[in-house]
Amino acid sequence: MTLSDLSVRRPVLATVFSLIIIAFGLIAFTRLPLRELPDVDRPIVSINATYPGASAQVVENQITRIIEDQLSGIDGIDLISSTSRDGRSSINIEFSLERDLEDATNDVRNAVSRARAQLPADVDEPTIRKADADADAIIWFSLQSTTLDRMALTDYADRYIVDRLAVLNGVANVQIGGGFRRALRIWLDTNAMAARGITVQDVENSLRAQNVELPAGYVQSEERDYQVRVERAFQTPEEFARLPVAGVGGPEEAVGCLGDIARVEFEPEETRSLFRGNGVEQVGLGIVRQSRSNALDVGRVVKAEVERIRPSLPEGTDIVITYDSTVFIDRAIQRVGQTLLESTALVVFVIFLFLGSWRAAFIPAAVIPVCLIGSFLIMMLFGFSINLLTLLALVLAIGLVVDDSIVVLENAQRRVDTLGEPPLVASERGARQVFFAIVATSAVLVAVFLPLLFVGGYVGRLFVELAVTIAGVIIISAFASLSLSPMMCSKLIKPVKSSSRLSRIVDGVLDNLRASYRASLQAAMNVKPLVFAVFGGVILLGGFIFTQLSSELTPPEDRGNLVVQVQAPEGSGFEYTSRVMRQVEEVLLTYVDSGEAQRILVVAPGFGDAGTNRFSSGLARVFLADWEHRERSGAEIETEMNQRLGQIPGATVRARMQNPFQGGGGGGGADGVSIVLLGSTYEQLAAISDRVIDRLRQDPNFQRPRMNYQPTSPRVLVDIDRERAASLGVSVQSIGRTLESTMGSRRINTISDRGEEYYVYLQAERDERSDITDLANKYVRSDRTGELVPLSTLVTLRTTGDSAERRRMNRQAAVTISASIPGAYAIGDALDELERVTRARDRR
């Protein structure tokens, strides 16, 4: 007994089969994560280490290379790329797709542990994390106020908003962007220190010795025990100003106060940061969702909570949505859902058109919801998500799922009409006749899509969800066609006694088409050589056209979100970059005034340089108005915007539409191409890169060619007279600490305020570190005599140029050549041309 026989004889069982598929499919639908695209991220582990005050060259030699040496023996590594910037080292290890990310992370953690002993003692503990595209914020809110400054806004957000949003269901983390985190800043007056015989080391020692909170044991009485704790005596700037500081520390020395040699106040950790929305200073709150959560659900929950938070905000303070990626996802899903309904309606109409009966058309139409809803169960079993590609698979599958059911229906109807069998008998025998044909055709269709499972690389991972979803829908379709369809045929079909007018019209068209096909087939049989020649010519022509077609991963699309990248000359200070960003802001605000943009966001330095001493980059984002509320497309606005931004002097400014495969951070050339040159020295690679860039400038298809190695960042090299320093009893470490604490911003310890911990920073006043000669106007103490020694007698200064960023790939020096390309020029063609030019230049 076949499945179709059982279904016809047990109609309730066949109905239950379909209802179970629908029920489990609906359950799976509620639990599946919602994404824009499949999760195709490679297993990537990143290592970040901070070495405050160190140059890029020092970071590369003393941190990056040492860690890379320990990573080389780990199994499954495809690529090691690193970036050494001033004060920070970033290493990304990209593993093969088959490598388990958890195991890879543990191997990297062990390698870093082995390298830790070889790193400088002052390096902060390296942090290791698994790279995840879901770590990008899906929604950005802006907190702005007319009564609170950015430091107060940041503190308020950290205390009262972040925790409320972070505990919501589906939220993994809440990022604070552009915040001025509160800190206690101690601004040293080096002249006053020298007059009192106090050095930077003395101030550090006093802070570390006295600004502490220590446990002191217990008092044990007969009835109670009391814990003893030494409480901090310094919690406010005024109390810190009274902190005693001794010159040498001996009892004969007079003890001064910190307030006599320094200005103490609460200020931001770093003030050189620009974060403005629509021309107003503000603080950003980025919502990061959990990897398996539904983005739309998270967005709804967070927005509802923000509405509950808004009434409790301080007077003059408001929180607004700046960027919401769920809008594009929601619109895209809605359009695909609309396409699903339209496709279903068209399929049902075509079935009715050819069968001539709504009763008969309902039978294959009933298979569609069973297959589509059941597909969500397939997605959950394979760990997929609801995304544009899996929904595309459902759209493509609508026409496939009804084929088998139509075959069953047509054969049963034929037996009723021509053999005069009762519907029950005709359904059972008709389904049995086509049983193996349906199984065979379904197997063939599955075999067409399953090879996509074995396609390697990024593209293979991208389309595997589409292939498996379609294959799963086809399997469910075959099952429903051999169970639900025969059962419904036995209950619904009737002998056709008379045909309608529509049926007669359709039959006439089909008869004419059949006659035309018969005539053309007979003619083709008489000229077989010509048929084979035409067939071969079509194949050759198709192959030739295929080789001429342009190639790219995704077509351009209007996502309603433009990213503007700003690059000032290497070595530019924050004030210079800020002036450029203000000019960019003025241009972008005109689009807000015209209504084509909802909001703009201006950030400096760029996200990639945040936390470093590099201030030559900036970033702006333009959030366009909804698609139906503007007349021009995003591409048209982008073209005009680039023309206007290109007129800003003193910086390179480029606007582009955000790429769907790019995260929310807003980095890197989604509108262009790049190629990496590897070698032993940066100088050799830079010389080759210059020749390649000269050639690209002559090609109109390549705009703004550049390389990422620019040895023009200004440096001051301090040469220490080590023999003289040794004779005076001054250590090199003492010189370095003094320079770091005065010229840089040295973190000493922490202070507690209303339950929050804030850092304590030590630094010289701005006017004592605004000139190169100020480096030498500092004093250190002789370990031998205890007297102060001016640095000017121990060091000499010289200026030079160097790159603020050094990149490596697979443990070799790497220089990247990049260029923007117009929208009409395909990325595949641009890459081929760029590689050809590079090889030609390299051979020279």
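1. In helix H19, the buried residues are Phe574, Thr577, Ser578, Val580, Met581, Val584, Glu585, Val587, Leu588, Tyr591 and Val592. The model is a predicted one, and the remarks that follow should be read accordingly.

2. These buried residues of H19 pack against strands S13 (274–277), S17, S18 (597–604), S19 and S20, and also against helix H20 (634–645). Residues three or four places apart in an α-helix point the same way, because there are 3.6 residues a turn.

3. H19 itself covers residues 574–594, and its 21 residues reach 30 Å from the first C-alpha to the last, close to the 30 Å expected at 1.5 Å a residue. After the helix comes glycine 595, which has a positive phi, near 90°.

4. Strand S17 (residues 561–567) is mostly covered, with five of its seven residues buried. S17 pairs with strand S19 (residues 617–624) in the antiparallel sense over seven bridges, and with strand S20 (residues 652–657), also in the antiparallel sense, over six bridges. Valine 564 stands opposite alanine 620 in S19, while in S20 its bridge partner is alanine 655.

5. Elsewhere, serine 481 is found in helix H16 (residues 457–492), and it counts as buried because its relative accessibility is 0%. A polar atom of the serine 481 side chain lies 3.2 Å from the backbone nitrogen of serine 405. Apart from neighbours within four places in sequence, serine 481 is in contact with Val401, Asp404, Ser405, Val408 and Pro486.

Methods:
Residues numbered from 1 in each chain as written. Predicted model: local features only at pLDDT ≥ 70, side-chain atom pairs only at ≥ 80, totals over all residues. Heavy atoms only, no water. Buried < 20%, exposed > 50% of the residue type's maximum accessible area, 1.4 Å probe, protein only. Helix = DSSP H or I, 4+ residues; strand = E, 2+ residues; numbered from the N terminus. Pairing = 2+ DSSP bridges. Expected span 1.5 Å × (residues − 1). Contact = heavy atoms within 4.5 Å. Polar contact = N/O pair within 3.5 Å; in protein donor to acceptor, adjacent residues only side chain to side chain.
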